[in-house]
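Welcome! Here is a short briefing to read alongside the sequence and the 3D view.

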Amino acid sequence: MIKGDKNLRIGVYVCHCGTNIAGTVDVEKLRQFAETLPGVVLARHYKYMCSDPGQELLKQDIMEHGLNRVVVAACTPSLHEETFRRAAEQAGMNRFLVQIANIREQVAWVTDDAETALDKAKAHVAGAVRRVALHQPLERQFVPILPRALVVGGGIAGIQAALTLADAGKEVILVEREPSIGGHMAMFDKTFPTLDCAACILTPKMTAVKNHPNIRLLTYSEVINVEGSVGNYRVQIRRRPRYIKEDLCIGCMQCVEACVFTRARFPNPFDRGLGMRKPVYIPFAQAVPPVPLIDPEACLRLKQGKCKETCVVACGDRGAIDFEQQVIVEEYQVGVIIVATGYQIFDPSVIGYYGYGKLPNVYTALEVERLLNAGGPTSGKVLLRDGRVPKRVAIVHCVGSRDKKYHAYCSRVCCMYALKLAHLLKEKTGAEVYNCYIDIRTPGKGFEEFYNRVQEEGVHFIRGKVADVSPVPTGPGENGSSGLIITVEDTLLGEVRKIPVDMVVLAVALEPQADADNVRRMFGISCSTEGFFLEKHPKLAPVNTASDGVFLAGACQGPKDIPDTVAQADAAAAKALALIDAGQIELEPNTAWIDEEMCSGCKTCIPLCPFNAISRDEERQIAVIDEALCKGCGTCVAACPSGAAKQKLFGFEQIDEELEGILSYV
């Protein structure tokens, strides 16, 4: 006997899904079976239930036959549950009185035998019918969206997302932990395949961020805590002291010139340690904001309290220098968040046979970018560490990529930036350039043409993995080499080659930021097996995350080039903008709730919740669930020792009835 409302009028609809279901399951026999189930007053099958005619059929039957429950035997509910709920609601029925029986993924696609498939489909339908009888008519719940966005990361992804939102009239808070926005792109000389000057196309956007009335730029800052839920996130941001007041500084750089250190003595991280800076410095000429900062680890005044403070004298009446600045924490409320924290480059020193960090003329690609850049440590001249111009250069592809010991994935951009560096090195030095590669991958627009161009310029291509980089035992090698020899197996020639070179450039992998795990926990998002942030769906929701209102942009989601990064940043901004303009968001219906009379306040559920949706009311000593954060995973319900945690649409009685229905026909 079926439980539930005595006046049940259930309609069952079997979808053919073209031949996805009907090619394996006899849909007519399944329809006939559904008619025999208790409470079912109508059963139909139709070729495409999700189509407009299929939905119209459903709505018409609800109105004409007085249906008060609906079961749709079709594909996964993640695709079309909302479609059928909406159709039922338009016909006057509560949208939560609809149940999906997944007979495509769970039956037709995984069962070869037609008779077995029919039996399994019957079991699914029987379980759905018994379950839907116990569904309760729930009310839709909405939360308002605060019209302010937080963008975390000031690389090209964060810059683009912030500008798109700000140009749409929305208030944006852009947080960057480095002293200047710009990210890795600001370090580049040119961009592939068009060889545009990176600074020429980036710095106007950086300046636009600084001057935009809707953007509050917080550099040298980082997010340290996130609370709340979609529509009303409470974010704490820690701001490190520059020891120079941004609102008073005019960027004249007189403090830098006046510093008691008459020459630069400290490695500049922006130049990857190849250039030097003073204790008071600006990272690079086009930095935004154009405000210097003082390094407390290098400044005599901050370290020892002993200094003539010539920088203070140089600043004069402006009084921009403040050695008493402290770390401060600011709190902001935002409705949506875009995470654009970027990537870091692989450290090749862990691969000992390349000699990075031991042999002076082995460089990473990013270090060579700084050498090529006119604003770099050598003013754009490619020089070895002893000051000579290299005559022979080897570029090693896939360093840390496509290697199970380090990163099994392809970093996507390495082939193209290696080709770009080959072109630029040959152009600036006239050197013989050797590209040692596993495979050349050039799938983007204009990429193959650029590859052909580099070949025509006389760059050598050796298909093989470099096995060793070593110094010449007796000093400088032949042909003016500075004493490096690469050993590589040329798989096209079928022989091992030893090539003397002056410089080795390692095309290193892109990998997740070192603190990616902490960041994902803070924002309630997940990581893929590679460590990059995980999108909600790789095809249908590539910028969404499991946390509503939190979106991804750029290389924090996976390796990508600048055009793809900009496109994804605009997509993330569009998603955030749509949410803000909607003014509200509907909550998940199948959220958990606490039966207060049964709750013992044991706190078992609080640390188990993957979405941080549960807190404790200390006054009443019970658990409290924030429905805006809850995603209905059921973890708390399964773990609660007193049975106080319950879940809408997934009550124990509903699940028991569904199992009873399935087991009755297996």
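**Backbone, strands and charges**

Glutamate 309 sits in the loop between helix 8 (300-303) and helix 9 (310-315); helices (H or I, at least four residues) and strands (E, at least two) are DSSP runs, numbered from the N terminus. This is a predicted model, in which local features need pLDDT of at least 70 and side-chain atom pairs count only at pLDDT 80 or more, while totals for chains, interfaces and linings use all residues. Residues are numbered from 1 along each chain as its sequence is written, and side-chain values use heavy atoms, with hydrogens and water left out.

- Most residues other than glycine have a negative phi, and most peptide bonds are trans.
- Glutamate 309 has a positive phi of about 55° although it is not a glycine.
- With a relative accessible area of 26%, glutamate 309 is partly exposed (buried means under 20% relative accessible area, exposed over 50%, partly exposed in between, with a 1.4 Å probe and protein chains only).
- Arginine 412, in the loop between strand 21 (392-399) and helix 11 (414-429), also has a positive phi, near 70°.
- Arginine 412 is partly exposed, at a relative accessible area of 44%.
- Phenylalanine 192 and proline 193 are joined by a cis peptide bond with omega about -10°, and proline 193 lies in the loop between strand 8 (190-191) and strand 9 (196-197).
- Valine 288 and proline 289 are joined by a cis peptide bond with omega about 5°, and proline 289 lies in the loop between strand 15 (280-281) and strand 16 (293-294).

- Strand 12 (residues 232-239) has a covered face of Tyr233, Val235, Ile237 and Arg239, and an uncovered face of Asn232, Arg234, Gln236 and Arg238.
- Strand 11 (residues 221-229) pairs with strand 12 in the antiparallel sense over eight bridges; two strands pair if DSSP finds at least two bridges between them.
- Glutamate 227 has arginine 234 of strand 12 as its bridge partner.
- The hairpin of strand 11 and strand 12 has two residues between the strands, and glycine 231 there takes a positive phi near 95°.
- Strand 12 also pairs with strand 17 (residues 328-334), in the antiparallel sense over seven bridges, and isoleucine 328 in strand 17 is the bridge partner of arginine 239.

**Salt bridges**

- The whole structure holds 42 salt bridges (a side-chain nitrogen of Lys or Arg within 4 Å of a carboxyl oxygen of Asp or Glu).
- Arginine 95 and glutamate 82 form a salt bridge, with their closest N and O atoms 3.0 Å apart.
- Arginine 95 lies in the loop between helix 3 (77-90) and strand 4 (98-102) and glutamate 82 in helix 3, so this pair ties together parts that are 13 residues apart in sequence.
- Arginine 95 is buried at 3% relative accessibility, whereas glutamate 82 is partly exposed at 35%.
- Lysine 465 and aspartate 403 form a salt bridge, with their closest N and O atoms 3.3 Å apart.
- Lysine 465 lies in the loop between strand 23 (460-463) and strand 24 (466-471) and aspartate 403 in the loop between strand 21 and helix 11, so this pair ties together parts that are 62 residues apart in sequence.
- Salt bridges that share partners join Glu82, Arg86, Glu89, Arg95, Arg140 and Glu586 into one network.
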